[in-house]
Structure formats: C-alpha cells, structure tokens
Amino acid sequence: MKLERVEIVHVAIPLVTPFRTSFGTMTAKDTFLLRVVTDRAEGWSEFAADPEPLYCSEFVAGAEIVLRDFLLPRVAALPRLTTAALAPAMAGIKGHELAKAALETAVLDAELRSYGMSLAAYLGAVRDRVPAGVSVGIKDSVPQLLDDVERYLAEGYVRIKLKIEPGWDVEPVRAVRERFGDGLPLQVDANTAYTLADAEHLRRLDAFGLLLIEEPLEENNLHAHALLQQRLTTPVCLDESLHHARDTASAIAMDACRVVNVKPARVGGYLEARRVHDVAHAHGVPVWCGGMLETGVGRAPNLALAALPGFTLPGDTSASSRYFAEDLTEPFVLRDGHLPVPTGPGIGVEPRPDVLRRFTRERRDLYP
Ligand SMILES: CC(=O)N[C@@H](Cc1ccc2ccccc2c1)C(=O)O
Ligand SMILES: [Mg+2]
C-alpha cells in the first residue's frame with residue numbers, strides 16, 4: 001500500500017452518566033479518530049486516552065504532536081506501507097504506545113479491508129460473540145451503587161467490576177456481595193490508588209471471593225505488586241504497568257501478575273496485544289480485554305481481540321448504551337450478556353457520517 005493522507009478528527013461525546021475513578025471523574029469522551037487513506041483502502045482508529053494525562057502519561061494534544069512530528073514522518077518514509085512494518089519504523093520514538101496504537105490500527109484496518117479480511121480472522125478469533133462485563137464507577141453512596149449494579153445485571157452483564165479507592169473499597173464490595181450473592185463474578189480496579197502500606201487493609205478484600213484486584217499499586221512497580229501478591233489470596237491483575245509482551249513476561253515471572261488486563265492501546269496496538277495474549281496464555285495466565293470508554297470505532301476491534309482463546313474472563317467491552325446515548329458507529333447491543341464479534345472486512349465498522357459530523361470538534365490533515 002501507499003500512504004496518501006492521514007486525517008485527525010477531534011470528537012467529544014457526552015457520557016450518559018459521570019464515570020468516577022480513583023484518578024478523576026469523566027463526563028464526556030473527548031478524544032480523536034484517525035482516518036488513514038491509502039491507494040488501496042482507507043482505515044479508521046480511535047485514540048484511547050483523554051485531554052488530561054490522568055490514567056497514563058499520554059493525552060490528546062500530546063499524541064497529535066507525536067503523530068504529526070515524529071511518527072508519521074517515519075511511516076511515510078517506508079518504501080512499502082504494511083502494518084507489520086510500522087512498529088519497527090516507530091521503535092526509535094520512546095513510549096507513546098497509545099499514539100502508536102492509533103496509527104497502527106488505522107493502517108491495519110485499511111490493509112485488512114484491501115484483502116477483504118476481518119480483524120477477527122486475522123487475529124485468530126475462535127468465538128463469534130464474547131461475554132460482556134461492566135465497569136462501575138465510584139458512587140456517592142452504597143445504595144446508589146447497588147441500584148446501578150442491579151440495573152446492569154438486569155441488562156444482562158455477566159461480570160461486575162467496581163472502581164475502588166481508599167475510603168471506598170471494603171464497604172461497597174461487602175454490600176454488593178451481600179445483596180447479589182457469592183455466585184456473582186465480581187472484581188475491583190484501584191487504578192494505582194494504594195501503596196504497600198495498605199496491604200493489611202487490602203487483605204480484607206480476600207473475604208469476598210473476588211476474581212482479581214486490578215492495578216492496586218503505582219504503575220510500573222512490578223516488585224511492589226509481587227510483594228503485595230504474597231500477602232493476598234485475591235489474584236493481582238495488572239493494567240497500567242504492562243506496556244508490551246516483554247514486561248508482561250517479567251511480571252508473570254515475578255508473580256506480580258496472575259491475570260492480565262489486555263488493552264491494545266496500552267501496548268501499542270493489536271499486533272502486540274496478540275503477543276501479550278500469547279505470552280500469558282503460554283504461562284497459563286488468563287487474560288481479558290480492558291476498556292477505555294471507547295466509541296464503537298475502538299470497541300469493534302476490541303471485540304475481535306476478545307474472541308481469542310486465552311481471553312477466558314469477561315472484559316470491559318460493554319454495550320454502546322453503557323456510555324453513550326448515541327455511538328459514532330452502529331450501536332453495539334448486549335444479547336444474552338454477549339456482544340457480537342464484527343465479521344466485516346478490517347475492524348468491521350466505520351463512523352456514521354451524520355453522527356460523526358455532529359460530534360466533531362475539528363478535523364484537519366496530519367499528513368501530508
Ligand atoms: C472501563 C475502565 O475502567 N477503564 C480503565 C479506566 C479508564 C476509565 C476511563 C477512561 C477515560 C478516558 C481515558 C482512559 C480511561 C481509563 C481501567 O480499566 O482502568
Ligand atoms: Mg484498569
């Protein structure tokens with residue numbers, strides 16, 4: 001393929017309800033899409049983070065600069081544009097996995113469309129639908145939390161994930177366990193909010209039979225997570241700490257990570273996400289597909305990834321209606337607690353032009 005044009009489309013879509021985590025409260029998904037035009041086909045992708053570097057160090061304005069000034073010049077210089085050639089071409093630029101993932105995914109979408117192949121087929125999907133979990137934010141009160149969990153269960157979600165932080169952890173988890181029983185698949189996500197000094201307090205969560213506790217400690221401290229795991233029976237799952245297959249292998253070897261939250265954006269794209277899956281699967285470590293409040297543009301490829309054999313736990317890819325009154329793509333609708341894996345060429349979806357126009361803030365060329 002030949003790279004002809006790359007467009008950046010800044011979008012802002014209100015969330016149906018505010019989403020509070022230990023690092024902040026979101027009221028809208030404010031990010032950008034990339035549209036890559038080649039001589040054979042065009043492809044779309046979505047940048048996973050936010051205008052502010054709260055979940056990780058990357059953010060919207062910074063990613064646009066890195067793409068325009070550093071990543072695109074290297075990619076445009078390739079003699080032949082293939083998705084496989086992108087990561088090596090961009091490797092000289094340190095970090096910026098989310099920006100690299102956005103570019104690689106749009107090129108992958110275009111390349112697969114040019115062959116008429118779905119991302120699911122390309123990655124090696126073994127299922128045509130995946131079970132849907134839901135991530136529930138920190139609430140103002142326990143009764144409000146129980147109402148929200150009840151509503152999500154009634155909608156069919158098969159797993160509940162509760163955001164926790166110091167002061168909102170044991171009590172809400174106990175309340176959900178007592179109200180919905182021991183059979184409910186239940187996990188928590190601290191988004192790095194605790195330290196090893198909290199180990200004794202976190203051990204209290206062992207009483208509730210949780211599937212996992214996600215990223216309890218600061219990101220990139222595998223040693224601290226390994227020390228914490230020695231003191232908990234609840235499996236530690238890493239998210240913010242894992243940036244590629246290599247550090248996933250290290251985390252597993254150190255017993256710092258007994259479950260992996262795989263986020264293609266966090267590891268630089270779907271090719272590396274599959275490698276993370278393969279490394280974990282080879283070690284008998286279950287993986288699940290994390291979420292970043294993506295619109296349908298980011299949700300569709302995550303469903304293809306979640307259909308790989310090692311994805312044995314429900315992920316955070318919820319229905320479109322969990323976050324948005326109107327999605328940029330055709331909405332993803334829960335059916336019997338599952339979402340369908342897209343079967344069309346590439347990521348299998350594209351933004352609906354009229355809806356995209358309504359939520360577009362600005363649109364400009366990044367290349368040429
Ligand atoms: C579904 C879920 O809990 N996702 C992330 C946290 C998160 C939540 C909201 C976000 C909004 C914009 C950018 C990044 C975001 C990350 C997590 O697993 O830790
Ligand atoms: Mg997480």
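Hi everyone, let me start with one contact: a backbone N or O atom of Gly291 lies 2.7 Å from a nitrogen atom of ligand 1. Before I go on, please keep in mind that this is a predicted model.

So how much of ligand 1 does the protein cover? The answer is 100% of the 440 Å² of accessible area that ligand 1 has on its own. And where does ligand 1 sit? You'll find it in the largest cavity.

Let's look around that ligand. Its surroundings consist of 22 residues, and the closest are Lys161, Lys163, Asp189, Asn191 and Gly291. If we sort the shell by class, nine residues are nonpolar, four are polar and nine are charged. Two strands each supply at least two residues of this shell: strand 2, residues 24-38, and strand 6, residues 159-163.

Side chains reach ligand 1 as well. An N or O atom in the side chain of Asp189 is 2.9 Å from an oxygen atom of the ligand. For Ser135, a side-chain N or O atom is 3.0 Å from an oxygen atom of ligand 1.

Hold on to Asp189, please, as we turn to ligand 2, the magnesium ion. Which protein residues are its donors? They are Asp189 and Asp239, each through OD, and Glu214 through OE, and they lie 2.1 to 2.3 Å from the ion. Along the chain, these donors follow the spacing D-x24-E-x24-D. Asp189 belongs to strand 7, residues 186-189, while Glu214 belongs to strand 8, residues 213-214; the pair is 25 residues apart and links distant parts of the chain. Asp189, then, is among the residues closest to ligand 1 and is also a donor of the magnesium ion.

Last, two backbone details for you to find on the screen. Tyr367 and Pro368 are joined by a cis peptide bond, with omega about 0 degrees. Pro368 is in the segment after strand 13, which covers residues 360-367. The other detail is Asn220, with a positive phi of about 70 degrees although this residue is not a glycine. Look for Asn220 in the loop between strand 8 and helix 8, residues 222-229.

Definitions and conventions: Residues numbered from 1 in each chain as written. Chains lettered and ligands numbered in written order. Predicted model: local features only at pLDDT ≥ 70, side-chain atom pairs only at ≥ 80, totals over all residues. Heavy atoms only, no water. Near = heavy atom within 4 Å. Polar contact = N/O pair within 3.5 Å; in protein donor to acceptor, adjacent residues only side chain to side chain. Areas by Shrake-Rupley, 256 points an atom, 1.4 Å probe, with all protein chains shown as cover. 1 Å grid on protein atoms, 1.4 Å probe; cavity = no way out; pocket = protein on both sides within 12 Å on 5 of 7 lines; lining within 4 Å. Sits in = over half its atoms within 2 Å of the grid points. Helix = DSSP H or I, 4+ residues; strand = E, 2+ residues; numbered from the N terminus. Nonpolar A, V, L, I, M, F, W, Y, C, P; charged D, E, K, R; others polar. Donors = N, O, S within 2.8 Å, 3.2 Å for Na, K, Ca; no water.
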